[in-house]
Structures are given as C-alpha cells and as structure tokens.
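Hi,

Here is the structure I said I would pass on. Please open it first; my notes on the contact between the chains follow.

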Amino acid sequence: MSNPAQAVVAVVDDDPRVLLSLENLLESSGYAVRRYGSAAAFLEDPVLRVIDCLIADVGMPVMDGVELQRLAATKYPELPVMLITGRHELGPAGAMAANNRGIFLKPFDGLELLQAVAAAIQDARRGPVA
Amino acid sequence: MESITCEFQQAGIRSHPLANGLAIGYRSRATTAVSLFECSNSGGVYRSTGAALSNIIERGVDEPGLSIRALPGFVLSVSINGQLEYLSPDILRYTGKLPQDIQSDWSDCVHPDDVERCGKLWTQVPASTESVEAEIRLRRHDGSYRWFRAAVRAIRDSAAGAIRFCAVAWDVEDRVRAQLALEAQAKRLRLIVDTIPGSVWQVGREGLEYLNRFTIEYTGKRAEELIDPGWQEVLHPDDIEHFRNTWLETVNKRAPLSIEFRLRRHDGVFRWFRTQGTEIRADGGEVTGWVGVDIDIDDARRAAEADALRKSERAMRMIIETIPALVWRATPQGHLDYVNPRLMAYTGKTLQQLERSDWSELLHPDDIEATCRILNRCLESGESYALTCRMRNSQGSYRWFEVRADAQRDATGHVAHWYGMHIDIQESRKLQDALRQSQSKLERAAQLATVGELSASIAHEINQPLSAIAANAQACQGWLSRNPANLDKARVSIADIIQDVNGAAVVVKRIRALFKESAPSKELFNVNELIEEVVEFMRYELDRRSIRVELQLKGHSSLTLADRVQIQQVLVNLLQNGADALELSGERARMLLIRSRAEAGDVMVEVCDNGIGFNSADRLFDAFFTTKEDGLGMGLAICRSIIEAHAGRIWAAHNAPHGAIFAFSLPVMSPAHPAAR
C-alpha cells in the first residue's frame, strides 16, 4: 500500500477520535499514516526507520508527548515532531507553546497542520543532503 | 416674857429652827465682851423706855445659863408702839450707831433698795402668828453692806394680843453671795446657751425637755411644736429615716449620737447640721436623758463639696489629658472648641490654630471626600458617627485613626456639643490589612485555581471531539478537492464528524450531569437571617469602602428550603457586585439597600445600589460576561445556576435614579412539607 515516494507520518494519541480524524486528514493530503494509541506502542514499532514525521498528543497517560519527543530526539535526531494538545494552560507544553511553532492547540486548523508537516518533511529531507 | 425666855432657852439648843438659822448666819466676831448693859451706858439709848429695857436686860442677864447678849447675831425687841426695847450689842458694833440713832431712823442702816421690803416686814408681823422673814442688806459702820436674814415675830400675851416684836438677824452674806454667784452663773450659762450659734437640746425619758433660743429662732417653731413627731417637719424628708434610725441606735445601744442632716430654716431653706449628743446619767448610772448640740456645717459642707468637685474635675482633666487618644469637643456646627493636649501634640497645632484652620486639611487626601461626607451627614442628622481615616501628624506623616463621636443634646433635643475621640489604630490596621490582603489573595488564588481547573477539564473534554471534527472537516475538504474527488472518503469523513458532534454533545451532557450529581444539602431557614449574617460577614469590607448598608427585611416567618452555603454565595456575590458598582459612582454617598419580602409563595430578595448601573440586562447572567477589568464574568452566572437549581428566579433591573437592582426569589416551603422534615 505504501510506496517509496509516499511520506509516512506517525500519529500518537490516546483518543481514538483524534487518531482516526488525523489519519483521515493526512491521508486526504496523500500521506501514509501509522496510528499508535500510546507512546510505548510507537517506540516498540520496528518500522520507525521509515517514519518521516511524528505527530504526538501531549496529554497521554504513562508517557506524555513531551517525554516521547525527548526520547525520539535521542533515537532519531532527524525526525520532525509536532505536538498537539487540548490542555492549553497546563504543563510544560503551555510554556513551550509560546516559543515553539511545532505545538498545535486543539482544536487546531487542519490546513495549518498539513502545511507544517509538509514543511518539516521537506526540511528533514533536504537537511542530510545539505 | 415667858415665851421669849423659852424661845431663847431653846435657841441654845441647836435643834430649833431659829437656832439653826443663827448658827448658819453666825460669825465668830460675835464673841464679844461688849455687854448690852455697856451699850446702854455708853449710848444712853433708852430715853423713854429705860426702865423697861433695864428690866429686860437684867432679866436676860440674870437668867441662869442664858445670855442674850452672848447670842451670835443681832437681837432686838420693839414694843407695840414702836419703841426699841432691846438691842443686842452686836447691832451697835456693826452699824457703829447709837440706839437712839436706830430708834429715830432705822432705815439709815438698811440698803436703800431693801428699805421698802424691810418696812413691809414690820407691817406683816402683827397679823402673822408665824415669824416673818426676809433677806436684807445692812450697812456696816464703814459704809459697806452685808446680807442678813431677818426674822421677826410678834410676842403676844393671851389677853392683850401682841405686846411686842422680837427680831433676830444673822449674817448670810456668804450664802447670798454664793447664791447670787450661782444665779449669775446660771444666767451666764443661759446666755451662752442661747447665744451659741447652734441648736442645744435636752431630751428626757419622756421627750423633749429643753431647746435653746437658736433652735426656736432658726426653725421659727415653738419648743412644743418640735415635740415628737413635730421635729419631722423641720428635717429634710430624705434625712428623717436616717435620723430616726441613728437616734434609736443611740438610745438602744447607748452609743454617742453623731449625725448630719438638713434642718429647715424658718424661711424654708435647708441647711446642713451636725449633731453631737450624749446621754445624761443619774448618780446611780441610770440614763435620765440626752443632751446635744446641732452645729450648722452647711458652709463647711458646701466648701468640702466644692473641693471634692474641684478634685474630681482635676481628676477628669487628668484623664482626658493623659488618655492615649485624641479627645475633642465641637460646636453643633462642627467647630472645635476643645482639644486635649495629645491632639495638639499630634497635630502640632494649638486650639486657636485648629479653630482657625480647616481641620479637614489634616486628613489624608484620599480620605477627605469619604470622611467629609459622613461628617456632614452626621452634623445634619445629629446621629453619632464612627469612621476610620488617616490624619497627618506634626511631622507630616499619616497614621490611621478610628474616630467616634456622639452628640450631647440639650433639654429641647438640640445638639449642644459634639464629643469625639480619635484612637490610633495604625498598628492594628496594618496587621488587619496585611491579613485581609493575604486572605483575599488566597481566596482569589483558590477561586482562580478552581475555575482554571474546571475550565481546563471542560476545555479538554470539548477540545478532543472538536479537534477530530476540525480534522475530519479538513480531510473531507481534501477528499473532495482531489481529482477525481474521493466521495467515499468524504462521506466517511462527514459520518465521523457527525459522530464526533454527537460525542461532544454527550460530553456536555456529562458535564451537566456532573454538576447535578453534587446535589446541594438543603435545610429550612429564613433568608433574612442569612442576609444579616452576610452583611455582618462583609461589614469590614463595606466599612472600608465607606458603604452604608440599609436593611429592610420583611417576611421573617417565611422559611426556604435551600442550600444555605450556596444562597450565602449568591448574597455575597450580589453584595460584592453592588459594592464594586458603587466604587465607580463618584460623588454620590455610597449606599446598598437590601430588601426582602414574602410574595405569592415566594420570598423575594433585592440588592439595590446607587452605583453606575448597567446598559443592558441581556447578557448579565451569562458566563464570561463582565464589565470589570479584573472580572471573570462567572459571578452572576454562578448565581443564576444556584438560584435556578433551587427552582427560583434571578433578574436585574435599573434602580432610580441611579444604579441597579439585582433580585432573586425562592419558593417558600411550609414546615409541613415532606422535604422539610
């Protein structure tokens, strides 16, 4: 189903509604999507090498999105990560939201997310070449 | 003749009255060797009755054991026709006269004042069977007079009646002098007692026995008018009881009498007297009466009272001057006319300076308006006032004072003076403010935290489906804009959207359910009690903001079944809102009026302010609607949800001419209602 030209975006969220809607959104833009219900499920998946972009929810049980972003950055430093959150005021994400354009506050504009994902993948692909 | 002999024989015996009299009047100089005979020789007195006299003399001398001549005192005998028949030698020796001189003018030997009495004596004798006696002064040969007692008796013979008169006289000078001295002394004493500027009295077992002249003159009553219970009329009514008790104590316990009382003068004026009295005892120790003196102590007492008054004035002044507060007095118009030294020391101004200057200059600029408003209102209405304000001291810095003043009114009810006191509350005020601030910060933080927490939770619950809806909507647009459009995917996306919308609706329902689950704990109470509690609870805050609260509470018998704490929250919120609205009202006197009444099965509560009011009531009770810079816009929304949860209504109306009325009604519950049990 996936072809080499098609970018792969991984989405991690404990809310299936968000998970499915984001998959739908990304697929409608031509991305291949891999869904994970938790940070652990994502980290355990051996196909991580082929992931072009990670979208993670901040507020998740056991391991939250911020922690996942940190771990992912050590394993795959080149992997672009987008954080999404429904809790605007609380947690480190609130502080980060002020200076990090990679954070999207729910409910966010789907088009903006798509543009950000496209830009991030393009940057990452150009990066090693440059 | 027989008779006289017998008489004198008996006179030799001292038991006879005459002999006693002689003995009393006897003086030793009578032991004289001068004989009657010698007298007659030397004087040749008895010209006409010489024979008779010599006969008598001889008989007197011859009688064995009796010598008339030797008798002490004067003895003489006069015939019925006035001729001297006998003179004892002492008479001649005493008077220095010859018998014929005496015969011719006896009155020359008698004190001129006594001549008449002496003459009467002689005229009384013939008719009297007894001896007639008198005390007279006889002139001695040196011209001096001595008192003698004379006794004259008619000698009668059985047939012819009186035949001669016999007289004896003996010296009673010492006794008379003593008596005169006694009389003089008594007179002097009477004079003293009567002149004493006090009432002297004597009371016997039977009652009043003596009163001196002072008492009579002072009271204007006769002594008999003052006999018990007459004395009660001249005593001050308030003193009668005490006087009677003290008197009984004196009589029964034999205590010395000492009492002060008011005695009415003849002109009706009462003056204070002090009585000192004591009992009088007979030789046997038995109490026979009481004697005492009442001294007018009115002036001394008044002086003492005046002195006590001066002392108490000094003490009061001391208190006012040293009390750790600024004390003042002002005219009804509010002009100072007394300030205590502490006030002068604090302000660094004298009374004259304070009188001249406008005292409001001493107030902190921020306090002038509110303070003057309250003061002017109180000056107009005369009601006492209490306020807190900052006052500048002589160094120019400000301290907080609590000011309390009361009007003193005259008999007609008009304000005569204002009395006031400033108490320095700087330290307690600082503490209180700090406490209040930290408290309100805490409350606010807690409120914010709760609201924040709640809204974050709600936001998250809503944001999740909303995110999904947004993403699916965007995806749907993506599927449709493909060439060719992927309608299947678009349909699926829309189906997802519908599903998420339904999901969101479920969330909203769940939140509502969540609020419903925290069912209020209801109890029966009268809302007026709660209003009073809340006003009391907020008193400090309202006072601080110079807001006057007026309560017009009715329907005290109506009970409401409600969550007391929640209704309390509503009231606090409405009062807080009113107070905030007043804060911006500017010049107007800040006032909150809270009314309650029972009406058609409801109890209705209105909180009226004369603040800035509102433009439109449409959104007032909506959440997050606020006109305040720091407001959350939750207060009235919460009020509404609480009141509506209690099956009540809440609404707002414009107040005339200024401000707003926020009102709510709650159903009245009869105590018989099952829920009330």
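Chain B and chain A bury about 1800 Å² between them. Carbon and sulfur atoms account for 52% of that buried area. Keep in mind that this is a predicted model.

Who takes part? On the chain B side, 19 residues are in the contact, and chain A brings 24 residues.

Now the polar side of the interface. Eight residue pairs are in polar contact across it, with both partners at pLDDT 80 or more. There is one salt bridge between chain B and chain A. It joins the side chains of Lys489(B) and Glu27(A), at 3.6 Å from N to O. That falls inside the cut-off, because a salt bridge needs the nitrogen within 4 Å of a carboxyl oxygen.

Which elements of chain B give two or more residues to the side that touches chain A? They are helix H15 (426-481) and helix H16 (487-517). H15(B) gives the most, with 15 residues. By type, the residues on this side of chain B are eight nonpolar, eight polar and three charged.

A few figures for chain B as a whole:

- The chain has 677 residues, and 39% of them count as buried.
- Its secondary structure comes to 20 helices and 22 strands.
- It exposes about 38000 Å², with 54% supplied by carbon and sulfur atoms.
- Among its contacts with a separation of 6 or more, 54% are between residues 24 or more positions apart.

If you look at one pair, take Lys489(B) and Glu27(A), which form the salt bridge.

Best wishes

Key: Residues are numbered from 1 along each chain as its sequence is written. Chains are lettered from A and ligands numbered from 1 in the order in which they are written. This is a predicted model: local features need pLDDT of at least 70, side-chain atom pairs count only at pLDDT 80 or more; totals for chains, interfaces and linings use all residues. Side-chain values use heavy atoms; hydrogens and water are left out. Contact means heavy atoms within 4.5 Å. Buried area is the accessible area (1.4 Å probe) that two parts lose on being put together, summed over both. A polar contact is a pair of N or O atoms within 3.5 Å; within protein, one must be able to donate a hydrogen and the other to accept it, and residues adjacent in sequence count only if both atoms are side-chain atoms. Helices (H or I, at least four residues) and strands (E, at least two) are DSSP runs, numbered from the N terminus. Ala, Val, Leu, Ile, Met, Phe, Trp, Tyr, Cys and Pro count as nonpolar, Asp, Glu, Lys and Arg as charged, and the others, Gly among them, as polar. Buried means under 20% relative accessible area, exposed over 50%, partly exposed in between (1.4 Å probe, protein chains only). Accessible areas come from the Shrake-Rupley method with a 1.4 Å probe; for residues, only the protein chains shown count as cover.
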